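Welcome, and please open the model in your viewer. We will go from one selection to the next and say what is there at each stop.

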Amino acid sequence: KRLAVFVSGGGSNFRSINQACIEGFVNGDVVVLVTNKHDKGIPVILFPKTKDEPDGLSPDDLVKVLREFEVDFILLAGYLKLIPAELIRAYSRSIFNIHPSLLPSFGGKGYYGMKVHKAVIASGARYSGATIHFVDEHYDTGRILAQKIVPVLANDTAEELAARVLREEHKLYVEVTTALCEDRIVWREDGVPLIQSKE
Ligand code: GRF
């Protein structure tokens, strides 16, 4: 399968997925990287077009480019912008995001970066984790596909919790991408997506 990865920041999830593709654990290839920032240092597609990034593409042009690259799945990995309706329509049931909490808790607009982990610690929750979900037109509300639990320790700082969650994110995203590329997503009658384990 042909994958597009969208990033805004550090890109560590992108690197672990790309590495797993290169090493052959995932039956797929990252064929294009999309970012809303200029400074990635490797060839990328810039999206969206804004006042600050006038070279960026419009949603319709991005869809055309992704079609040219024959992209099967879009993986959001720390991409902070809302995905426009044009893209959701063009890639229905094919766009995924990773979020660093156990959704539906600590998700939605305003819950990004360290804010998520600070809110988890302040709540007194003993467990956090990572969630991979289908992407719809809102932040963090699409169907949940996979989760991993991470303990919150008594004296955790947000940075320590973030690092512990991120290590699990890398494993989870590679596992889910592996399943995606092997067509192992099935839909329960009530609309809940499930990952079938390997025979
Ligand atoms: C991750 O914690 C991800 O869950 C969140 O943003 C962070 C991105 O990290 N959406 P990286 O860019 O993959 O290093």
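How do the residues of the shell around the ligand divide into nonpolar, polar and charged? Keep in mind that this is a predicted model, then select the shell: five of its residues are nonpolar, seven are polar and one is charged.

**Stop 1: the ligand.** In total, 13 residues surround the ligand, and the closest are Gly 10, Ser 12, Asn 13, Gly 78 and Pro 100. Now colour α1 (12-22), β5 (95-99) and α5 (158-181), the elements that give two or more residues to this shell.

**Stop 2: the whole chain.** Zoom out and switch to a cartoon view. The C-alpha trace spans about 50 × 45 × 35 Å along its principal axes. Among contacts with a separation of 6 or more, 63% link residues 24 or more positions apart.

**Stop 3: the sheet.** Next, select the open sheet of seven strands, whose order is β3-β2-β1-β4-β5-β6-β7, with mixed pairing. Look at β3 and β7 (144-151): these strands stand at the edges with a single partner each, so one side of each has no neighbour in the sheet. Then move to β1 (residues 2-7) and β4 (residues 73-76), which run parallel and are joined by four bridges.

**Stop 4: Phe 6 and the core.** Select Phe 6, which stands opposite Leu 76 in β4. Leaving out residues up to four places away in sequence, Phe 6 touches Val 34, Ile 74, Leu 76, Ala 77 and Tyr 79. Now extend the selection to the largest nonpolar core, which has 43 residues. The members that touch the most others are Ala 4, Val 5, Phe 6, Ile 17, Leu 75, Leu 76 and Ala 77. With seven residues, α5 gives the most to this core. Nonpolar side chains tend to be buried together in soluble globular proteins. Across the chain, 32% of the 199 residues count as buried.

**Stop 5: Thr 50.** Finally, go to the loop between β3 (45-46) and α2 (59-68), where Thr 50 lies. Is Thr 50 buried or exposed? Thr 50 counts as exposed because it has 12 C-beta neighbours inside 10 Å. To finish, draw a C-alpha to C-alpha distance from Thr 50 to Ile 121: the two are 71 residues apart in sequence and 35 Å apart in space.

Notes: Residues are numbered from 1 along each chain as its sequence is written. This is a predicted model: local features need pLDDT of at least 70, side-chain atom pairs count only at pLDDT 80 or more; totals for chains, interfaces and linings use all residues. A residue is near a molecule or strand if its C-beta atom, placed from the backbone, lies within 6 Å of it. Ala, Val, Leu, Ile, Met, Phe, Trp, Tyr, Cys and Pro count as nonpolar, Asp, Glu, Lys and Arg as charged, and the others, Gly among them, as polar. A nonpolar core is a set of buried Ala, Val, Leu, Ile, Met, Phe, Trp, Tyr and Cys residues joined through C-beta atoms within 7 Å. A residue is buried if 20 or more other C-beta atoms lie within 10 Å of its own, exposed if 12 or fewer, and partly exposed in between; C-beta atoms are placed from the backbone. Two residues are in contact if their C-beta atoms, placed from the backbone, lie within 7 Å. Two strands pair if DSSP finds at least two bridges between them.
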